[in-house]
Amino acid sequence: MSDTMAGLLQVGLLVVALAVVYRPFGDYMARVYTGSKHSRVERAVYRFTRVDPDSEQRWGNYALGVLGFSVVGVVLLYLLQRLQTLLPFNYGRGAVAPGVAFNTAISFVTNTNWQSYVPETTMGHSVQLLGLTVQNFLSGAVGMAVAMALVRGFVRQRTDRLGNFWVDLTRGTIRILLPVAFLFAIVLVALGVVMSFKSGVSVDGQTVATAPVASQEAIKELGTNGGGVLNANSAHPFENPNAWTNLVEIFLILVIPVCLTRTFGTMVGNRKQGHVLLGVMGALWAAVLAVIWAAEAHGLRPLEGKELRFGIPGSALFANTTTATSTGAINAQHDSLTGLGGGGTLLNMLFGEMTPGGVGTGLYSILVMAVIAMFLAGLMVGRTPEYLGKKLGKREVTAAAIAILAMPTVMLIGSGVAAVLPGTTSALNNPGAHGLSEILYAYASASNNNGSAFGGITVTSDWFQASLGVCMALGRFIPIIAVLALAGSLAAQRKVPVSAGTLPTTGPVFASMLGGSVVLVAALTFVPALALGPIAEALQ
Amino acid sequence: MNTVLKQTLAGLRILLVLTVITGILYPTAVWAVSRLPGLHPNAEATNTTLVAVPRDGTGWFFPRPSAATLPASGGSNKSEVNTDYTATIAQRRTEIAHREGVAEDQVPEDAVTASASGLDPDISPAYAAIQIPRVARETGLPLAQVRSLVSEATTPRPLGFIGEPLVNTTHLNHLLTTSR
């Protein structure tokens, strides 16, 4: 069988698996976020934490909840790393240096999971479990909560309440992420992923580090986090031992972002609204996959930085999926991808992580883009734009524009400054245009909360640790605040009835406008930078 | 200010509770289930064949080149337009052709490129094939026996359709050790 056919079968298998779970899982998530009953465990959590689960918050308080929760998350994770020597299972891996600890704390709380450290020598099992695994769950649950608040903004009318952040957070964690992660951690174990509390095993006279991999691997993919338990991430045979685990991990990355479009359609009472979003996400995902795959199949050194057991299709599929969501796990070294293939992974991030994007973040990002698309359509026909029965006035469009523009602003300023700093060239692993791509990729990854890297770049200097940390925080929280503000002003409106002048948002016209907006915004913003990096390299 | 403090304290309390659930109970439960007999024969990875590390001497099958410096796993991160690295690859090709006594164009791609993890245990059947005569010579084992060990360490295409058959060098070298 040809490599192409084998790859197509893998993609087919993946699509079938997602199609099977799409309805039941999407509707299950809708019930989780709309139900009024609390489970016994949840009631215990609320009692202990003195949260009133039946009160609801205005958008400002919801946002304060997100920020407050994230701040304590960063502080606790920073302290856990700095105090590692006091924790069990540290295996002599001492206190994590302040720069690394700062960067990593922000990285994992913002769902970025950028790694400026070598896990095998830096992070003991306690920090991995109590710090990193926990934030793998919670940062994912925060993203889903914000997405649900935005959906409620469209669903509700004439209210200033968006739901209760603590309830959304707890339910997302306990009812969605925890059971699915547990189930798939066991599946991964059964397929050969390692689960050990030892520090390492002896292989032919050398020590290879081990870890409790399976539990973290499952949530790392499911929560679109991506921080490797081991340095080589999902390229490491202990994390991803065979072609089956590879496919399961890709499925896990996609399952929540894809099924959330069903959740959205169910919650707004029109499933076609969800299908159209999924159609746009899927089309762009497939288009970039085709580019990466073709580029890698025709590369000069197609196997450099790839694992033989995944082959080119399995590597291209993973690389595309991890960057089109905000995951950032890798099963091949993206730095060694071809100019065009690496450019494809970069482009996925520059789309703003919405094809289909991270857990929750993908849904709210594409909804914000839908607001922008309808605004552009409204300008063309000279009408006040509407989306899902809500008028998109000055407040709404301003909030959407801020949410969309935060990432490019932060990323381009960061890479621009980095490119002219004297120390930067010595941090690069490859000369010329590819070196610039390493810088662009780093800041795109941080600002989009992706976390993958053109890993050759050395980012351990104080400048990189600090500036990338700041990019991650701004790239996460500016859009979240803008999205919640948007949700607040949408919820306050009364729904306008559908009229002859309403542009339908379930058909191909809207789909092309939305897809076009995603591509256009990215193209207008990033073509100059891309031309100097991956495009220049691909033309060499 | 009062609201900020209130939200932050609520955040801290809920963080601690969820840390217990997702950071302690969850991994412990996964670990406990992973110990169920028959679920995973080797969750501790004792004597694992999942990874390959460089060995001394030449009486073995070589895995792919590794750019990792253990204990850190990883790849070269070199781009295909990096001319210095192109020279490195050409040099590897020459050395391997010389070592195995074959023409340079018979050295397959996986033999000269570094894997993503630096621990990839697998090589292509083509790379295994050119190593067979040397291994037979240096171990004193008959050619036919080495060939049969190679086929024993060869797994068919994963899932029946992904990629190519793989030869696991760690498994193969363990077989060699017991055959000597």
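**Close-up 1. A cis proline in a loop of chain B.** Pro71(B) sits in the loop that runs between H1 and helix H2 (83–100) of chain B. Here helices (H or I, at least four residues) and strands (E, at least two) are DSSP runs, numbered from the N terminus. Look at the link from Leu70(B) to Pro71(B): this peptide bond is cis, with omega near 10°. Before we go on, note that this is a predicted model, where local features need pLDDT of at least 70, side-chain atom pairs count only at pLDDT 80 or more, and totals for chains, interfaces and linings use all residues. As for the labels, residues are numbered from 1 along each chain as its sequence is written, while chains are lettered from A and ligands numbered from 1 in the order in which they are written.

**Close-up 2. A cis proline in a loop of chain A.** Thr355(A) and Pro356(A) are joined by a cis peptide bond, with omega about 5°. You'll find Pro356(A) in the loop between H12 and helix H13 (361–381) of chain A. For background, most residues other than glycine have a negative phi, and most peptide bonds are trans.

Close-up 3. Asn111(A) isn't a glycine, yet it has a positive phi of about 65°. Is Asn111(A) buried or exposed? It has 31 C-beta neighbours inside 10 Å, so it counts as buried. (Buried means that 20 or more other C-beta atoms lie within 10 Å of the residue's own, exposed means 12 or fewer, and partly exposed is in between; C-beta atoms are placed from the backbone.) Now hop to Asn233(A), where phi is near 60°, again a positive value in a residue other than glycine. Asn233(A) is in the loop between H8 and H9 of chain A, and it is buried, with 32 other C-beta atoms within 10 Å.

**Close-up 4. H8 against H9 in chain A.** Helix H8 (residues 213–222) and helix H9 (residues 243–267) of chain A pack at about 45°, and their axes are 7 Å apart. (Axes are lines fitted to C-alpha atoms, for helices over the stretch in contact, and angles run from 0 to 180 degrees between N-to-C directions.) That angle makes H8(A) oblique to H9(A). (Angles under 35 degrees count as roughly parallel, over 145 as roughly antiparallel, 65 to 115 as roughly perpendicular and the rest as oblique.) On the H8(A) side, Ala218(A), Glu221(A) and Leu222(A) meet Glu249(A), Leu252(A), Ile253(A) and Ile256(A) of H9(A). (Two residues are in contact if their C-beta atoms, placed from the backbone, lie within 7 Å.)

**Close-up 5. H12 against H16 in chain A.** Helix H12 (residues 339–350) and helix H16 (residues 432–447) of chain A pack at an angle of about 30°, with axes 10 Å apart. H12(A) and H16(A) are therefore roughly parallel to each other. From H12(A), the contact uses Gly342(A), Leu346(A), Met349(A) and Leu350(A), and from H16(A) it uses Ser437(A), Leu440(A), Tyr441(A), Ala444(A) and Ser445(A).

**Close-up 6. Where chain B touches chain A.** How many residues does each chain bring to the contact? Chain B gives 67 residues and chain A gives 94. On the chain B side, the largest share, 22 residues, comes from H1(B).
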